[in-house]
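Please walk through this structure with me, one site at a time. Keep the model open as you read.

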Amino acid sequence: MRKVSRLIVAVFVLVFGAGLEWARASAYDARPKLVVVLVLDQFRGDYLDRYRADFKTENGFNLFLKKGAYFPQCYYGYANTMTAPGHSTIGTGAYTNGHNIGVNEWWDLSRSKTAMVSSVQDEDYPLVGTTVDAAMGASPRNELASTLGDEVVQSTGGRARLFGVSLKDRAAILTAGHASQAAYWIDHATGQWESSTYWMKDLPEWVKAFNSGGAIERARKETGNPTGDFYENVGAKPAGVQYELDFTKALVTAEKLGTHDVTDVLTLSISSTDILGHAVGPDSPEQRKLLDAVDVQLNDFFNFLNAHVDGGLANVWVSITGDHGVATSPVNAAKEGMPASVFPYAALTAELNKELDAKLTPGKATRFVLGGGLPYVQIDSDSFAAARMDESAAESMVAEIIPGALAEAQKGQFETPDSHGLRPSTIRHVYTKVQMAAGDLPNTEEGKLLLHSYTTNGGWWVYITPGINQVPAGHGGTGTGHFSPYNYDRHVPLAFFGGPFVPGTYLEHAEPVDIAATFAALLGVNRPSACVGRAVTEAIRQEDGGANPARAR
Ligand SMILES: [Zn+2]
């Protein structure tokens, strides 16, 4: 009998042993010590596979490709693939119809009749650390949902430390959320790090020391741009990435992230890939070189975390993704035989104003169309109201004339494709805000993407989608852009690194909203308020509540 009971004990230990040894993760006792939500701005889903052979470091992109759970089939489930909504989506695990951020900036005639307001502009909270446009202010007030970080802070009674960093204000603020101790971004002209009175009265001493410590001058010198706009000149170079990562290291050190008795959260968005990408496109050797540099710089950054977080990288979880993909440059797409064009947004706006004025207020040159940038065409509710039209009638009228106005705006330009093989831009579909608010959309996958793109911001507007590879692109079409429901704009990589994840490549469908859902589930906190993602259980060890039976490393 004793032999039998010993056998039972042995079997019990064999079957359940691994589970008993491993203490389940939870935010409440700092397992892990630090969660990093890493974003690369304009990081298309094919890059990691396309340039995989370039990545030679151990803890750069290979931290995710070799030691992490990699989801190459990750697509945004909405259509308005822009930076502000992308970062809000990553932070909140919700789409625009959940967090309400639809585009980077929009017209709000109640706040200004002469300029758009940005997604994070807030005059109630002036900027600190700068004299440039300080009164415009900044805060997360337009983001109408909580983030993963917000939930960790709330669940730990305010003890968790939460920070957001990016060269871009919107990327720093919207990813981290409302309950962060601080969000930091740079003044475009000078490169100085700044924040707003939403978080602080004055910059902490360590930020002041960083700003005056010679980092700006070093970065400028490295790029050979001693003067000029820091964001455009330095931001597009590897030196801009290094500048941002050096600041983040200073933050980790000063705030002792990853050394507390609850889990800390850091959101970090690297802007340089977007600044360069708009100018040169995704196929450019320069963009490849930048990604190769980022690989080396991330390796250095994660080795730094390994040395500074209690217990090292074994106590850190990281997700990586992009805020949107990008279209092939129209000139390149045309060269490869694809239909492509430079979308004439400004000319379309001018033509719409001309036609509406002729129809409604002949000869008065009334401003009916405000513009604002694709995919939205925002219209002037005051002017339409003065012409005795309500929102529904105004938007319907604009929607109806858009295809003809676009053709008219390009008249005589494309009797044959131009010297680059570019053709006229066309409209695939137009929907009014009234239609989208009512969910009056086709019952198709594309209809669902549009439903998820609805925002109350921007006054009255119509939503337009041009044909494929039609982008408002600079440099005569060698530059490029992103905003559309097409897969090249929605495709981003997604990967997780950390104890609960079984390394491997997973071809299951994934979405960026899964980041907040997965981390919330593993940390044992509430999902963010509007989160629609799923926990990626197929990549999580059974011991951690997932479905993957693979042995622990
Ligand atoms: Zn972006």
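A residue is called buried under 20% relative accessible area, exposed over 50%, and partly exposed in between, using a 1.4 Å probe on protein chains only. Helices (H or I, at least four residues) and strands (E, at least two) are DSSP runs, numbered from the N terminus. This is a predicted model, in which local features need pLDDT of at least 70, side-chain atom pairs count only at pLDDT 80 or more, and totals for chains, interfaces and linings use all residues. Residues are numbered from 1 along each chain as its sequence is written, and side-chain values use heavy atoms, with hydrogens and water left out.

Start with helix H4. Ten of its ten residues are buried. They are Thr83, Ala84, Pro85, Gly86, His87, Ser88, Thr89, Ile90, Gly91 and Thr92. Just after H4 comes Gly93, with a positive phi of about 70°.

Asp41 and Thr83 are both buried.

Now look at the rings. A pair of aromatic rings is described by the distance of the centres and the angle of the planes. Rings of Phe, Tyr and Trp (its six-membered ring) pair if their centres lie within 6.5 Å; planes under 30 degrees apart are stacked, over 60 edge-to-face, and the rest tilted. The whole structure holds 30 aromatic pairs. In one of them, the ring centres of Tyr78 and Tyr95 are 5.1 Å apart and the planes stand at 45°, so the pair is tilted. Tyr78 lies in the loop between strand S2 (69–75) and H4, and Tyr95 in the loop between H4 and helix H5 (96–99), so the pair ties together parts that are 17 residues apart in sequence. Tyr78 is buried at 0% relative accessible area. Tyr95 counts as buried too, at 3%.

Move on to the tryptophans. The rings of Trp185 and Trp199 have centres 6.1 Å apart and planes at 70°, so this pair is edge-to-face. Trp185 is in strand S7 (residues 182–186) and Trp199 in the loop between strand S8 (193–196) and helix H8 (205–211), so the pair ties together parts that are 14 residues apart in sequence. Both are buried. One aromatic cluster is formed by Tyr184, Trp193, Trp206, Phe210, Phe230, Tyr243 and Phe247.

On a 1 Å grid over the protein atoms alone, a cavity is a set of points where a 1.4 Å probe fits but cannot get out; a pocket is an open set with protein on both sides within 12 Å along at least five of seven lines; lining residues have an atom within 4 Å of a point. Grid points are joined across faces, edges and corners, and a volume is the space filled by probe spheres set on the points. The largest pocket has a volume of about 520 Å³. Its lining counts 23 residues, with Ser118, Asp133, Met136, Asp169 and His188 nearest its centre. Helix H7 (169–176) and S7 each give at least two residues to that lining.

There are three cavities of 30 Å³ or more. The largest cavity holds about 40 Å³. Among the residues lining the largest cavity are Val37, Ile90, Gly91 and Thr147. H4, helix H6 (148–155) and strand S9 (264–270) each give two or more residues to this lining.

Finish with the backbone. The peptide bond from Arg31 to Pro32 is cis, with omega near 5°. Another cis bond joins Leu374 and Pro375, with omega about 5°.
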